[in-house]
Each structure stands twice: as structure tokens, then as C-alpha cells.
Amino acid sequence: MTRKQAREEAFILVFEKEFNDNSIDEILELAAELRDLVPDEYIIAVFRGVYDHLSDLDNEISKNSVGWSISRISKTALCILRLAIFEMRYLVEIPVSVSINEAVELCKKYATQDDAVFVNGILSTVAKEL
């Protein structure tokens with residue numbers, strides 16, 4: 001599985017968790033059972049990491065989304081932002097530009113063009129702070 005595919009699978013897991021009270025381990029087990037997902041280290045690290053740092057990630061999103069509360073951001077864009085900001089802050093081996101580009105691509109695939117522009121703006125601001 002390529003890193004791009006792994007990132008997409010991690011996004012799907014983060015998105016699933018948004019609507020599901022199951023534990024991270026239960027969601028991983030269900031994904032393995034129902035979708036034949038064999039998560040690699042990256043997928044597990046990102047999925048767990050997003051929820052280990054959720055309040056910090058959400059604070060970062062709130063701080064940089066001027067005029068928008070987290071509750072107004074689409075669930076898809078919010079999950080993509082969480083994943084990308086986690087990568088940018090905690091996975092230093094991944095170039096920030098790659099995290100931003102891949103997040104925008106996920107938005108184009110799973111959300112709207114407006115979401116892609118919004119996500120790009122937020123992540124560009126976060127990148128400047130790093």
C-alpha cells in the first residue's frame with residue numbers, strides 16, 4: 001500500500017470514528033473484518049495519534065479558522081484537517097507540503113472544492129506557524 005493509499009485509509013478511519021462510539025481498536029477490527037483492511041504502522045499511528053491529540057488539533061483548527069467555529073466545518077473537512085495537522089506537527093519525516101497537498105486531494109475526492117480551498121488556507125496558516 002502506498003503512503004497516499006494509507007493516508008486515505010487513515011482518513012476513512014478518522015471519519016468513521018466521528019460517527020461511532022466504538023474504541024479505536026474496535027474500529028480497526030471492524031475495518032479489517034468488513035473491508036479487509038490490513039493497517040500498516042502509519043495508519044495505526046495516525047488514527048491513534050489524531051485521537052490522542054484531539055483537543056490540541058481542534059484548538060489549532062479553531063485558532064486558525066477565523067470566523068468559523070468547529071461545529072460549522074463539515075465533518076469531512078474537519079477529519080481531513082485533523083489528520084493533516086497531526087502529520088504536520090507530529091510526523092516530522094513527512095514534508096509539510098506533502099501533508100497539505102494530500103489533504104487538499106482528499107477534499108477534492110471526498111468533499112467539495114470550497115472545502116479544499118478552506119482546508120488549504122487553514123493548513124497554509126498552520127505551516128507558517130511551524
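Is Lys 108 buried, partly exposed or exposed, and at what relative accessibility? At 46% relative accessibility, Lys 108 counts as partly exposed, where buried means under 20% relative accessible area, exposed means over 50% and partly exposed lies in between, for a 1.4 Å probe and protein chains only. The model is a predicted one, in which local features need pLDDT of at least 70 and side-chain atom pairs count only at pLDDT 80 or more, while totals for chains, interfaces and linings use all residues. Residues are numbered from 1 along each chain as its sequence is written, and side-chain values use heavy atoms, with hydrogens and water left out.

Lys 108 forms a salt bridge with Glu 105, with 3.6 Å between the closest N and O atoms; a salt bridge is defined as a side-chain nitrogen of Lys or Arg within 4 Å of a carboxyl oxygen of Asp or Glu. Both residues lie in helix H6 (residues 96–110), three residues apart, or about one turn of the helix; helices (H or I, at least four residues) are DSSP runs, numbered from the N terminus. Glu 105, at 30% relative accessibility, also counts as partly exposed. Elsewhere, salt bridges that share partners join Glu 18, Asp 58, Lys 75 and Arg 82 into one network.

By the salt-bridge rule the count comes to 13. One of these pairs is formed by the side chains of Lys 75 and Glu 18, which meet at 3.2 Å, N to O. This pair links distant parts of the chain, with Lys 75 in helix H5 (residues 75–90) and Glu 18 in helix H1 (residues 3–18), 57 residues apart. Lys 75 counts as partly exposed because its relative accessibility is 39%, and Glu 18 is likewise partly exposed, at 24%. A further salt bridge joins Glu 60 to Lys 63, the closest N and O atoms being 3.9 Å apart. Because Glu 60 and Lys 63 are three residues apart in helix H4 (residues 54–64), about one helical turn separates them. Glu 60 has a relative accessibility of 9% and therefore counts as buried.

Two packed helices are described by the angle between their axes and the distance between the axes. The axes here are lines fitted to C-alpha atoms, for helices over the stretch in contact, and the angles run from 0 to 180 degrees between N-to-C directions. H1 and H5 pack at an angle of about 125°, with their axes 9 Å apart. That angle makes H1 oblique to H5, since angles under 35 degrees count as roughly parallel, over 145 as roughly antiparallel, 65 to 115 as roughly perpendicular and the rest as oblique. The crossing of H1 and H5 is right-handed, a term used if the near helix is turned clockwise from the far one by less than a right angle.

In the contact between these helices (contact means heavy atoms within 4.5 Å), Arg 7, Ala 10, Phe 11, Val 14, Phe 15 and Glu 18 of H1 meet residues of H5 that include Lys 75, Ile 80 and Arg 82. By class, the residues of this contact of H1 with H5 divide into eight nonpolar, one polar and five charged, where Ala, Val, Leu, Ile, Met, Phe, Trp, Tyr, Cys and Pro count as nonpolar, Asp, Glu, Lys and Arg as charged, and the others, Gly among them, as polar. Ile 80, found in helix H5, is buried, with a relative accessible area of 1%. Its C-alpha atom is separated by 9.6 Å from that of Ala 10, 70 residues apart along the chain. Leaving aside neighbours within four places in sequence, Ile 80 is in contact with Phe 11, Ala 103, Leu 106, Cys 107 and Val 119.

The axes of H1 and H6 come within 11 Å and cross at roughly 60°, which makes H1 oblique to H6. H1 passes H6 in a right-handed crossing. Here Lys 4, Arg 7, Glu 8, Phe 11 and Ile 12 in H1 meet Val 98, Glu 102, Leu 106, Lys 109 and Tyr 110 in H6, and the contact has five nonpolar, no polar and five charged residues. Glu 102, placed in helix H6, counts as buried at 13% relative accessibility. Not counting residues up to four places away in sequence, Glu 102 touches Lys 4 and Arg 7.

Asp 36 is found in the loop between helix H2 (24–35) and helix H3 (41–52). Its phi is near 55°, a positive value in a residue other than glycine, and at 62% relative accessibility Asp 36 counts as exposed.

How values were computed:
Helices (H or I, at least four residues) and strands (E, at least two) are DSSP runs, numbered from the N terminus.
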